[in-house]
Amino acid sequence: MSDLKTVLRDLSNIFIAVGAMSFIPLLVPLYYKEYYAIFPLLITCLVFLQIGILMFVLFQHAETTNFKSAMVTAALGWLFVPVISTIPFLLMPYNQNSGATMGLLSAFFESMSGWTGTGLTMVNNEQLLPYSLQFWRTWIQWIGGVGVIVLTLSILARPGVGSFVLYRGEAREKRTHPSIVSTVRTIWWIFLLYTIAGIIGLLLIGHLFPNGMNAWEAINHALTTIATGGFSVNDDSITGFGTLCQLFIVVLMFIGAIAFAAHYNLLKGRIRRFFSDTQVKAMIVIVCIGLVLLVLININNQNLQYSTNYLLAIRDSGFQFVSALTCTGLNTVDISTWTESAKLLLALAMIVGGAAGSTAGGIKLFRAILLFKGAGWRVKRSISFPRRVFIRRFGGRCLPEKEAVDLVNEAAIVSFIWLLMLIAGFFVMAFIYPQETIGNIFFEVCSAQGNAGLSVGLTTISMDPLAKIMLIFNMWIGRLEIIPVIVLLRSLVGIKRNIL
């Protein structure tokens, strides 16, 4: 019971923080005179605040947050925040021509996709969305990119052990400062700095070069790109913009998928430390290898124009691979026309994902590197003399054997469970869509659980309700990286046993 009170107290802080930030999108209907949109947005803010304040008053004296309660808080926070955020999708039309609004399940799907930074969408023409709903989608992706708990800690939390375990509950470990509160505030000013720089860069490109973005497009795309979210205000995503604009978007996606701790070193002038970061180096290597492989695959596809235009092949392949690896989900081409080999390569990139401690999804580069090194250490041990002394290097330091084994084991366990959930999602989707190719189904599930958002056309507002539920679950566990979900499920089983 004490843990339950602690969870509700911490959830109240999350609701209050999100409710306060939700007032900002109200500026959009006032500016564009979409006065009908004020009520849904205002109701959403008030629901967050009323529930949050009520729970805080009731449970403000709950005990200090521990590991178990922090995991449960993270799991429930990333479930209930999207639930409440469905209100604008339910009450505002997603098609201004027809006036059609989403059903409850579709609205929840869109909200979960936004908050988790996935980018899969129920909307078939984003340009027909009201400006207010366009920005609501953008805003929840931008806030969700950093994380609702990070937002809460930066506004409301006090220093202490409770703040640290909540921070860990959102699948974060690295700090830029000894204090967690200082760390999350540093994360926010870095995030704001890059967001502003992204908006200014896109505005300048749009002003100086053809096929650039206008102010509205620049603001929305900068916010969703730096958050590696992928929602767009255009039906064709980034396809209609010029090469220079697309190249700048690639830079923003890359920035969003790098850990905030590495960015802190870069902004402090520690250039060598930034480029010596293990995850930064791994990302550069993977992008180079992936680009070469994807270009070769696409050039060999006679159904595409790449066999006679190598520069176009490099541009489109590079953009889509970076979009997949960073789990952003923006696109410049129709991926459904690519070969199964190309889609498999992109799916694998979405599984790996960006750096731990960034806004990207996937199992994270940190774990992929650990598994790769762990395999190497194991092979060396197997073929070497029994008494040979091994030096296990990782992240610029030598690890004791026990610490190295523990790190590899943890990465292996989380990655294994992550892949089990991915396989479960695959078989459910394969049962629902027996006529679809294995490649397309695998791609769509990888996109959902990797919080990427690239699609081969399976995700639509008319898709089977069970498929929507499955992908919602994949997006949820993908954002939380498994452990909080497992702790929540075990807690629910324990409550049931106590009741019985």
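**Aromatic rings**

Tutor: In this predicted model, one aromatic cluster is formed by Tyr31, Tyr32, Tyr131, Phe135, Trp139, Trp142, Trp188, Phe191, Trp216 and Phe260.

Student: Is the aromatic pair of Tyr32 and Tyr131 stacked or edge-to-face?

Tutor: A pair of aromatic rings is described by the distance of the centres and the angle of the planes. Planes under 30 degrees apart count as stacked, and those over 60 as edge-to-face. For Tyr32 and Tyr131 the centres lie 4.0 Å from each other and the angle between the planes is 15°, so the pair is stacked.

Student: How many residues apart are Tyr32 and Tyr131?

Tutor: Tyr32 belongs to helix H2 (residues 27–32), while Tyr131 belongs to helix H7 (residues 131–146). The pair thus links distant parts of the chain, and the separation is 99 residues.

Student: Is Tyr131 buried or partly exposed?

Tutor: Buried would require a relative accessible area under 20%, and exposed one over 50%. Tyr131 has a relative accessible area of 35%, so Tyr131 counts as partly exposed.

Student: Which helix holds Trp216, the partner of Phe135 in an aromatic pair?

Tutor: The rings of Phe135 and Trp216 form a tilted pair, with 6.2 Å from centre to centre and 40° between the planes. This pair, too, links distant parts of the chain, its members being 81 residues apart. Phe135 lies in helix H7, and Trp216 lies in helix H11 (residues 215–226).

Student: Is Phe135 buried or exposed?

Tutor: The limit for buried is a relative accessible area under 20%. Phe135 has a relative accessibility of 8%, and therefore Phe135 counts as buried.

Student: What is the distance from the charged end of Arg137 to the centre of the ring of Phe231?

Tutor: A charge sits over a ring only if, among other things, it is within 6 Å of the ring centre. The charged end of Arg137 does sit over the ring of Phe231, and its distance from the centre is 4.0 Å.

**Helices in contact**

Student: Is helix H15 roughly parallel or roughly perpendicular to helix H18?

Tutor: Helix H15 (residues 278–299) packs against helix H18 (residues 365–383) at an angle of about 85°, and their axes are 10 Å apart. Angles from 65 to 115 degrees fall in one class, and because the angle here is in that range, H15 is roughly perpendicular to H18.

Student: How many nonpolar residues does the contact of H15 with H18 have?

Tutor: From H15 the contact takes Thr278, Gln279, Ala282, Met283 and Ile286, and from H18 it takes Leu365, Phe366 and Ile369. By class, there are no charged residues and 2 polar ones, and the nonpolar residues number 6.

Student: How many charged residues are in the contact of H16 with H17?

Tutor: Helix H16 (residues 310–325) and helix H17 (residues 340–352) pack at an angle of about 35°, with their axes 7 Å apart. Gln320, Phe321, Ala324 and Leu325 in H16 meet Leu345, Leu346, Ala349, Met350 and Val352 in H17. These residues divide into 8 nonpolar and 1 polar, and the count of charged residues is none.

Student: Is Gly354 buried or exposed?

Tutor: Gly354 has its place in the loop between H17 and H18. Beyond its neighbours within four places in sequence, Gly354 is in contact with residues including Ala257, Met283, Leu325 and Leu365. At a relative accessibility of 0%, which is under the 20% limit, Gly354 counts as buried.

Student: What is the phi of Cys327, which is not a glycine?

Tutor: Cys327 is placed in the loop between H16 and H17, and at 0% relative accessibility Cys327 counts as buried. Its phi is positive, in a residue other than glycine, with a value near 60°.

Student: How far apart in space are Phe274 and Ala262?

Tutor: Phe274 lies in helix H14 (residues 271–275) and counts as buried at 7% relative accessibility. Ala262 is one of the residues in contact with Phe274, alongside others including Ile258 and Val280. Although Phe274 and Ala262 are 12 residues apart in sequence, their C-alpha to C-alpha distance in space is 5.5 Å.

Notes:
Residues numbered from 1 in each chain as written. Predicted model: local features only at pLDDT ≥ 70, side-chain atom pairs only at ≥ 80, totals over all residues. Heavy atoms only, no water. Phe/Tyr/Trp six-rings, centres within 6.5 Å; stacked < 30°, edge-to-face > 60°. Helix = DSSP H or I, 4+ residues; strand = E, 2+ residues; numbered from the N terminus. Buried < 20%, exposed > 50% of the residue type's maximum accessible area, 1.4 Å probe, protein only. Lys NZ or Arg CZ within 6 Å of the ring centre and 35° of its normal. Axes fitted to C-alpha atoms, helices over the stretch in contact; angles between N-to-C directions. Parallel < 35°, antiparallel > 145°, perpendicular 65-115°, else oblique. Contact = heavy atoms within 4.5 Å. Nonpolar A, V, L, I, M, F, W, Y, C, P; charged D, E, K, R; others polar.
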